[in-house]
Amino acid sequence: MKILILDGTEGTDEYTKTVNQTLNKTFKKNSSTVTNILFHEHKIHDCIGDFGCFFKTPGKCIFKDMAQEVPEHYIGSNLVVLITVLTFGGYSSLFARAFNRIAIQLISHLFMQAEGEIHRRKRYDQEYPSLLAIGIEETINQESRSVFKALVQRNAIHLFAPEHQCLFLTKDTKASDPTGIENQIEHVLSDLGGKHATTP
Amino acid sequence: MDSDLIVVSSALDHEAGVTELVSKVDSCDVLFLIFPLYIDSLPYNLIEALETVKKHHSGTDSTRHEKKVIAISHSGLEANHNRVAIRICECFAKEMNYQFAGGLMLGNSALLNGCALTELERMTKQVQRALRLTVDAMAMGDAVPEKARELISKPMLPGPLWLYKILGNWTMNLCFKKKSFDKGINTLHRYVKPFFS
């Protein structure tokens, strides 16, 4: 199974490093192939909203950086894991900066109608990967979590994810050590239809 | 009422801009957050601006609760697509101990095509009325009226969804042909799949 991790944390915090390391370890236990992309290691250009990815170079952002390369890994994966610091119930700016550019390359400029709404069509014929969004928080904030779940649900619709789940990792809880993190990851993966569970 | 406009993309580029941003947010009575929808959320630079504001305002301030926040989000799709983004703005207001005075969701904003609302009087009369109602409410110290929320969320061109889809696709393909003629790209190129073709 192919896993893509998109880590939009700052990379300076021991806890978020532990989260990333534990995720990698958990997936590799089951012989999954993991592509781990740390946004803070790359210089990422802003989205300038020119729709070049629709009209000039369809499916590819005009800026040649990591965000232009990620879509290929995205479509080739079975599960995409998003890691962000929970920010006002949404993604952090570091995460959003890259994700804004990645996501739009995965969809067509054309529209479709689905469940009473207009959406963009998918660009690729393959089944798109499921989404696991990990929100890291300093302390538990139920309202923030509720907004994040709604955001991920909407993203899953727009990105044609067959399944999606959210996982909240809180720094000040007893489950903030690697074992606690691993247990929470295993639990949420089993909720993702069992397809992505690491326990054979 | 006096007003100031800050474009966050240029403000965040330099230290003086950041200082001005923080200072103006600190001193205002009403903070309007106006943005296009990006993947169901705020664009990254507005998130960065809000993170900056929060970072520079740690600690408590008893007058913070008097500051009102209003969010105006617009999307090329229907108005309802903006709902989560408005909730994110509300979360920001709550974390800062500001008062969230409401959100306005504008759909089909691509129809504006960069024009001022007053240039498209007939199509945008509901939008303009909604904004006037909002400003009047602000002047009285009230929240965004329900009427304003209803008016701005109504489609600028009424019609069934399938019509929007057909018109939208026709417009998108027209855009593609225009740009592809300029750039010499084959019109079939629009269906390109750079990976896994």
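Author: Happy to! Let us begin with a term: buried area is the accessible area, taken with a 1.4 Å probe, that two parts lose on being put together, summed over both. Between chain A and chain B this area is about 4300 Å², and carbon and sulfur atoms give 67% of it. Before going further, please keep in mind that this is a predicted model, in which local features need pLDDT of at least 70 and side-chain atom pairs count only at pLDDT 80 or more, while totals for chains, interfaces and linings use all residues. Residues are numbered from 1 along each chain as its sequence is written, chains are lettered from A and ligands numbered from 1 in the order in which they are written, and side-chain values use heavy atoms, with hydrogens and water left out.

Now to the residues that meet. Counting a contact as heavy atoms within 4.5 Å, 52 residues of chain A touch 40 residues of chain B. There are also 17 residue pairs in polar contact between the two chains, both residues being at pLDDT 80 or more. A polar contact here is a pair of N or O atoms within 3.5 Å; within protein, one must be able to donate a hydrogen and the other to accept it, and residues adjacent in sequence count only if both atoms are side-chain atoms.

Which elements of chain A give two or more residues to the side that touches chain B? They are helix 2 (52-55), helix 3 (66-75), helix 4 (93-104), strand 4 (107-114), strand 5 (117-122) and helix 5 (142-158). Helix 5 of chain A gives the largest share, 9 residues. Helices (H or I, at least four residues) and strands (E, at least two) are DSSP runs, numbered from the N terminus. Sorted by class, this side of chain A holds 20 nonpolar, 20 polar and 12 charged residues. In that sorting, Ala, Val, Leu, Ile, Met, Phe, Trp, Tyr, Cys and Pro are nonpolar, Asp, Glu, Lys and Arg are charged, and the others, Gly among them, are polar.

Side chains of opposite charge can pair when their charged atoms come close. The rule for a salt bridge asks for a side-chain nitrogen of Lys or Arg within 4 Å of a carboxyl oxygen of Asp or Glu. Across the interface of chain A and chain B, that rule finds 1 salt bridge. Its partners are Lys94(B) and Glu143(A), at 2.9 Å from N to O. Lys94(B) also forms a salt bridge with Glu90(B), where the closest N and O atoms are 3.5 Å apart. Lys94(B) and Glu90(B) sit 4 residues apart in helix 4 (residues 83-95) of chain B, so about one helical turn separates them. How accessible are they? Residues are buried under 20% relative accessible area, exposed over 50% and partly exposed in between (1.4 Å probe, protein chains only). Lys94(B) is partly exposed at 45%, and Glu90(B) is partly exposed at 24%.

Stepping back, the count over all chains comes to 17 salt bridges. One of them, within chain A, joins Lys29(A) to Glu182(A), with the closest N and O atoms 2.8 Å apart. This pair links distant parts of the chain, 153 residues apart: Lys29(A) is in the loop between helix 1 and strand 2 (33-38), and Glu182(A) is in helix 6 (residues 178-191). Glu182(A) is buried, at 14% relative accessible area. Lys29(A) and Glu182(A) also belong to a network of salt bridges with Lys25(A) and Glu186(A).

Finally, here is chain A as a whole. It has 6 helices and 7 strands, which follow the pattern β-α-β-α-α-β-α-β-β-β-α-β-α along the sequence. Buried residues make up 58% of the 200 residues in chain A. One buried residue is Thr9(A), at 2% relative accessibility, in the loop between strand 1 (2-7) and helix 1. Leaving aside neighbours within four places in sequence, Thr9(A) is in contact with several residues, including His40(A), Ile83(A) and Ile136(A).
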